[in-house]
Amino acid sequence: MRRRAGQVRRAAWWLVRWRPAGLAGRRGQRRWFQAVVALSVLALAPSAWLWSGSGSRVGTVESAPQAPVAVVFGAGLFGTEPSPYLAHRLDAALELYRQHKVRAILVTGDNGRTDYDETDTMRGYLIDRGVPAVKVVGDYAGFDTWDSCSRARRIFGVDRALLVSQTFHVRRALALCEAAGIDSYGVGVEEWHDITWYYGGFREIPGAGKALLNTVFRSDPTFLGPHEDGISRALEQ
């Protein structure tokens, strides 16, 4: 949270340095500064809401409690293989399964094109590493975090879950899945703080604003459809 606040303060400083013509006077400068501060506070407020609302419900594989299901969110492919970030999420879910903290895994990703299939790639990754196929259930219409959470509850009947994602995203996933009706705990995957990590963290600023709107309006996901019994069958095995 301090890092994100620092990014906003630096952006505000540059905005103050760059001011439109006509605001060169002291009064104009003061008004410009006040406007920049107000916009910065508005931009950061949803992120503060996510952090304050998650409390102690975010941790690691080791600290996670038991739950029936782990939900793994898509994070892109490199060709036909999971991206490094997605592979790390899947590895964390695999460890949760091996430690008997979950009994089924729901992988939710984007299969909106015939040449792009996050979901089957995620399933194959876990199955190849020893998770029984019946225990890995795929959601092919998880186009964004809200769709994934809403469909997990409404289509697959998930009511309690461990959510697996990178630390910069998992709090937003937690807030959205709670809003969708899932009793959740976030398992944050740490990453090296490289340019990809900073880009992901920056994206969470507008993402937090969108999440706030999702929790208020709770719109339908892009696709609904009939109830699927994959999770219930996985839990019966």
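Analyst: Among contacts (heavy atoms within 4.5 Å) between residues at least 6 apart in sequence, 74% join residues at least 24 apart. This is a predicted model, in which local features need pLDDT of at least 70 and side-chain atom pairs count only at pLDDT 80 or more, while totals for chains, interfaces and linings use all residues. Residues are numbered from 1 along each chain as its sequence is written, and side-chain values use heavy atoms, with hydrogens and water left out.

The protein has 8 helices and 8 strands, taken as DSSP runs numbered from the N terminus (helices H or I, at least four residues; strands E, at least two). Of its 237 residues, 48% are buried, meaning under 20% relative accessible area with a 1.4 Å probe, counting protein chains only; exposed is over 50%, and partly exposed lies in between.

A nonpolar core is a set of buried Ala, Val, Leu, Ile, Met, Phe, Trp, Tyr and Cys residues joined through side-chain atoms within 4.5 Å. The largest one holds 28 residues, and Leu96, Ile105 and Val164 touch the most other members. At least two residues each come from β2 (69–73), α3 (84–98), β5 (104–108), α4 (118–128), β7 (160–166) and β8 (183–189). Helix α3 gives the largest share, 8 residues.

Beyond its neighbours within four places in sequence, Leu96 is in contact with Val61, Ala64, Ala70, Lys101, Val102, Leu162, Val164 and Val187. A second, separate core has 24 residues, including Phe73, Leu106, Ala152 and Ala211.
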